[in-house]
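Could you walk me through this structure in my viewer, one selection at a time? I am new to it and would like to know what to click on next and what is there.

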Amino acid sequence: MNRVLLWLVCLGFGSLGNASAEIRPASLFQDHMVLQRDMPVPVWGTADPGETVTVRIAGQTKTAVVDSSSHWKVTLDPMPASFEGAAMTISAGSETSGIQFDDVVVGDVWICSGQSNMQMGYGGIQELKNLESSAKNIRSFHVKNTVSFEEAETCGGTWKVEVPSSAVAFGFAYFLEEAIEAPVGIILTAWGSSSLEAWMPRDMTESVPHFKTMMDEFDADEETRQNIQRILDGPRPWKGGEDIFLRRQTNILYNAMMHPLAPYACRGLVWYQGERNTQSMAGMLKKPWFSRNSGMLIYGDVMKEWIKRYRQEWGNDDLHFLVVMLPGYFGKKLPTGPRAVDAESPDAHSWAWMRESQLQTLDLPHVSVANTIDLGDVKNVHPKDKLPVGKRLALLAQRDVLAMDVVAEGPVMQKVDRDGGELVVHFTNANGLRTTDGADPMGFWLADESQKWVRAEAKLDGNTVKLRSSELSSPLYVRYAFAGKPSVNLVNEAGLPARPFRSDDFQP
């Protein structure tokens, strides 16, 4: 139970006056919350300037003086995991009762964010629904979807002793909790069809040129700003068009749905997004300012700047990011006739380029990418095969964050050698290299300097794949699974799929 008391300060004999000193902790501090284990835990909020705020939990007592802007923050010492709910009290001055939050546990906290495939529920996915009854020690906080012109200090949402509504977040939490001896807390903050720029703080205009242009256009568009305010001031729930209009704006989702979360202690952030940016980039190419700006950054470059900025926001250079690679997809309408395009073609306009951009985030430390190239639906941008996504994310968290000895990803191209008229692909993570159906490997294409791609004849040879084609006497380059919806069957002993790659440097 959350009990908020007001402190009355008597000014002299006869009580010449009184003043209230209400403590307002940040939004995530509530009953049933999960605090991050094994690392310092910031606790913050607002109160009257000059007050001394005291936070108590699990034998710890920390104090802070409220600054002139009414803000306070204490940092709790690292705590071990605990399944038994404890009480946290926050008081001001000489009071000892103050606000009390009950049933507080300590475990691993993850923020799960992105667009519709992160927001998508699991109600229609039976294999996830079957796990509901066996899910234990998982709690969730769903950030209310809204926007703000300025960086908000608070957000809507409630900690619940139940699994998150998101299919990916639930699957991730379920398989992670199975593997660790600690509760799992999921903070879900996601909104369908939102771009990366929607989740970027305004000061990233200094490092991302096109974002500065977008923000300048947004600031100058008085009609858009008025429409946003009209929707916010109007009745709820919003109409479908209003909802879409809000979530497709730049910056203002970050202000309302991410900024209030920092610097809540957590292991890291799971990010499933990119579909919207494959559309917005196409539109951006038509902007008159695009060609004039020589400093344009592609999605992968922007992602790296965004990750570094979020780590700054959380004050944690080791904050881990788990990125979900976009799965197989090509479009609801496949062209036919003379304009027919093969969803498996390595040189068609497709999500293959976005996946390559996503993989560029691996240039940074403490980043993992969950390979989903064997998943997805050629015509449905919202595929239902979310359980393996959650399972692979949990494996990456175990290996890369918790240093557990698990196989967490499939084969990764190490090098490509030429051997006469063949190319030989060497892999890491290739123990037990095999195909899922016992057939020859699929998804490989070859090209020479003509840049014309032809399907390769592929053969397994130990932990390598040998490639040749009767159409090319001297192949030079190889692309694997570099298509919208490739057919793939190459996995390692853990059954995890080989990562898409290309050995060429041809421009798209």
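Start by selecting alanine 481, which is buried, with a relative accessible area of 1%. Please keep in mind throughout that this is a predicted model. Alanine 481 is not a glycine, yet its phi is positive, at about 55°. You will find alanine 481 in the loop between β22 and β23 (490–491).

**One step back: tyrosine 480 and its partner**

Now select tyrosine 480 together with phenylalanine 444. How far apart are the centres of their rings, and how are the planes set? The centres are 4.5 Å apart and the planes meet at 35°, so the pair is tilted. This pair links distant parts of the chain: phenylalanine 444 belongs to strand β18 (residues 444–447) and tyrosine 480 to strand β22 (residues 477–480), 36 residues apart. Are these two residues buried or exposed? Phenylalanine 444 has 3% relative accessibility and counts as buried. Tyrosine 480 counts as buried too, at 0% relative accessibility.

**The sheet around them**

Stay with β18 and β22 and show the strands beside them. They belong to an open sheet of four strands, in the order β19-β18-β22-β24, with antiparallel pairing. At the edges are β19 (454–455) and β24 (501–502), each of which pairs on one side only. In general, strands of a sheet pair through backbone hydrogen bonds, either parallel or antiparallel. Between β18 and β22 the pairing is antiparallel and runs over four bridges. To see a bridge up close, select tryptophan 445, whose bridge partner in β22 is arginine 479.

**On to helix α10**

Next, select residues 299–314, which make up helix α10. Does the length of α10 fit its number of residues, or what span should you expect? At 1.5 Å a residue, the 16 residues of α10 should span 22 Å, and its end C-alpha atoms are 22 Å apart, which agrees. Colour the helix by accessibility and you will see that α10 is mostly covered, with twelve of its 16 residues buried. Among them are Tyr299, Val302, Met303, Trp306, Ile307, Tyr310 and Trp314. Just after α10 comes glycine 315, with a positive phi of about 65°.

**Aromatic rings**

A search of the whole structure finds 22 aromatic pairs. To look at one of them, select tyrosine 254 and tyrosine 310: their ring centres are 6.0 Å apart and their planes are at 55°, so the pair is tilted. Tyrosine 254 sits in helix α7 (residues 252–257) and tyrosine 310 in helix α10, 56 residues apart, so to speak a link between distant parts of the chain. Both tyrosine 254 and tyrosine 310 are buried. Now widen the selection to Trp199, Tyr254, Trp271, Trp306, Tyr310, Trp314 and Phe321, which ring pairs link into a cluster.

What does phenylalanine 172 touch, leaving out residues up to four places away in sequence? Its contacts include Trp110, Ile186, Val270, Leu322 and Leu393.

**Some backbone stops**

Select arginine 236 and proline 237 to see a cis peptide bond, with omega near -5°. Proline 237 lies in the loop between α5 (222–233) and α6 (240–247). A second stop of this kind is at alanine 262 and proline 263, joined by a cis peptide bond with omega of about 5°. Here proline 263 is in the loop between α7 and β12 (268–272).

Then go to serine 193, a residue other than glycine with a positive phi, near 60°. Serine 193 is in the loop between β11 (184–190) and α4 (209–220), and at 12% relative accessibility it counts as buried.

**Zooming out**

Finally, show the whole protein, with its twelve helices and 24 strands. Of its 508 residues, 54% count as buried. Among the contacts with a separation of 6 or more, 73% are between residues 24 or more positions apart. The accessible surface comes to about 22,000 Å², and 48% of it belongs to carbon and sulfur atoms.

Definitions and conventions: Residues are numbered from 1 along each chain as its sequence is written. This is a predicted model: local features need pLDDT of at least 70, side-chain atom pairs count only at pLDDT 80 or more; totals for chains, interfaces and linings use all residues. Side-chain values use heavy atoms; hydrogens and water are left out. Rings of Phe, Tyr and Trp (its six-membered ring) pair if their centres lie within 6.5 Å; planes under 30 degrees apart count as stacked, over 60 as edge-to-face and the rest as tilted. Helices (H or I, at least four residues) and strands (E, at least two) are DSSP runs, numbered from the N terminus. Buried means under 20% relative accessible area, exposed over 50%, partly exposed in between (1.4 Å probe, protein chains only). Two strands pair if DSSP finds at least two bridges between them. The expected span of a helix is 1.5 Å times one less than its number of residues. Contact means heavy atoms within 4.5 Å. Accessible areas come from the Shrake-Rupley method with a 1.4 Å probe; for residues, only the protein chains shown count as cover.
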